[in-house]
Amino acid sequence: MTDDRDHLLAPKRFVVPAIGARVAGLTRDIFRKRGFAQSHILAHWPEIVGADLAEYSSPEKLSFPRKAGDGAGAQGGATLTVRVDGPVALEIRHLEPQILERINGYYGYNAVLRLKIVQGPLPARPRARRKLIRPLRPDERALLARSLEPIGEAALRSSLERLGERILGTSARSPDSRARARESFD
């Protein structure tokens, strides 16, 4: 007699863990060296200060004051070093009380007491590239419509048609090579 649970247990042994779970473990030591015990402020910087300021600034280091007795301590009064691009440094210096209020309000306690502003270029942010999709030629559109005829459900057919338009419209191959490939599969 077989157990109904056997078919559920086998696939779970081979599940690949999410990359996000691995990245946190790999970057923990790097962030800790820069004063960020957690990468939370880095990940949520646009939410904390607003998208406009986050575009021209980036938190760089969180420094805690040393206690008089036994060395470093994270008891309070941290200084957040913020890298600022260009003349926005003057605006951020002017808005420092509001920024500190936002940071401390976000965390619910006085996590940061002071901002240290460092002027310099920010790391380049990758820009999303949009692929240009050319309009389909009449013969390509007819071939796509013919291949989608057997599909009865209208919503599925519409989705597959949009997918086909994107694939055929961004294809770098020549039309002749596509025709030869279709003939080999027909």
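The lining of the largest cavity in this predicted model consists of 7 nonpolar residues, 1 polar residue and no charged ones. Those residues are W45, V49, L53, S57, V82, I92, I99 and L115. The space inside amounts to about 30 Å³, and the structure has 1 cavity of 30 Å³ or more.

On the surface, a nonpolar patch is formed by L156, L160, L163 and I167, whose accessible area together is about 330 Å². I167 belongs to helix α9, which spans residues 154-170.

The structure contains 6 salt bridges, including the following.

| Pair | N to O distance |
|---|---|
| R83 and E60 | 2.5 Å |
| D139 and R137 | 3.4 Å |
| R137 and E140 | 3.5 Å |

The salt bridge between R83 and E60 connects distant parts of the chain: R83 lies in strand β4 (residues 78-84) and E60 in strand β1 (residues 57-63), 23 residues apart. R83 has a relative accessibility of 21% and so counts as partly exposed; E60, at 22%, is also partly exposed.

R137 takes part in a salt bridge with D139 and in another with E140. A network of salt bridges links R134, R137, D139 and E140. Within this network, which of its members is buried, with a relative accessible area of 4%? That residue is E140. Buried means under 20% relative accessible area, so E140 at 4% falls in that class. D139 is partly exposed at 46%, and R137 is partly exposed at 29%.

Notes
Residues numbered from 1 in each chain as written. Predicted model: local features only at pLDDT ≥ 70, side-chain atom pairs only at ≥ 80, totals over all residues. Heavy atoms only, no water. 1 Å grid on protein atoms, 1.4 Å probe; cavity = no way out; pocket = protein on both sides within 12 Å on 5 of 7 lines; lining within 4 Å. Points joined across faces, edges and corners; volume = space filled by probe spheres on them. Nonpolar A, V, L, I, M, F, W, Y, C, P; charged D, E, K, R; others polar. Patch = residues over 30% accessible without salt bridge, like charges linked within 9 Å, V, L, I, M, F, W, Y side chains within 5 Å. Areas by Shrake-Rupley, 256 points an atom, 1.4 Å probe, with all protein chains shown as cover. Salt bridge = Lys/Arg side-chain N within 4 Å of Asp/Glu carboxyl O. Helix = DSSP H or I, 4+ residues; strand = E, 2+ residues; numbered from the N terminus. Buried < 20%, exposed > 50% of the residue type's maximum accessible area, 1.4 Å probe, protein only.
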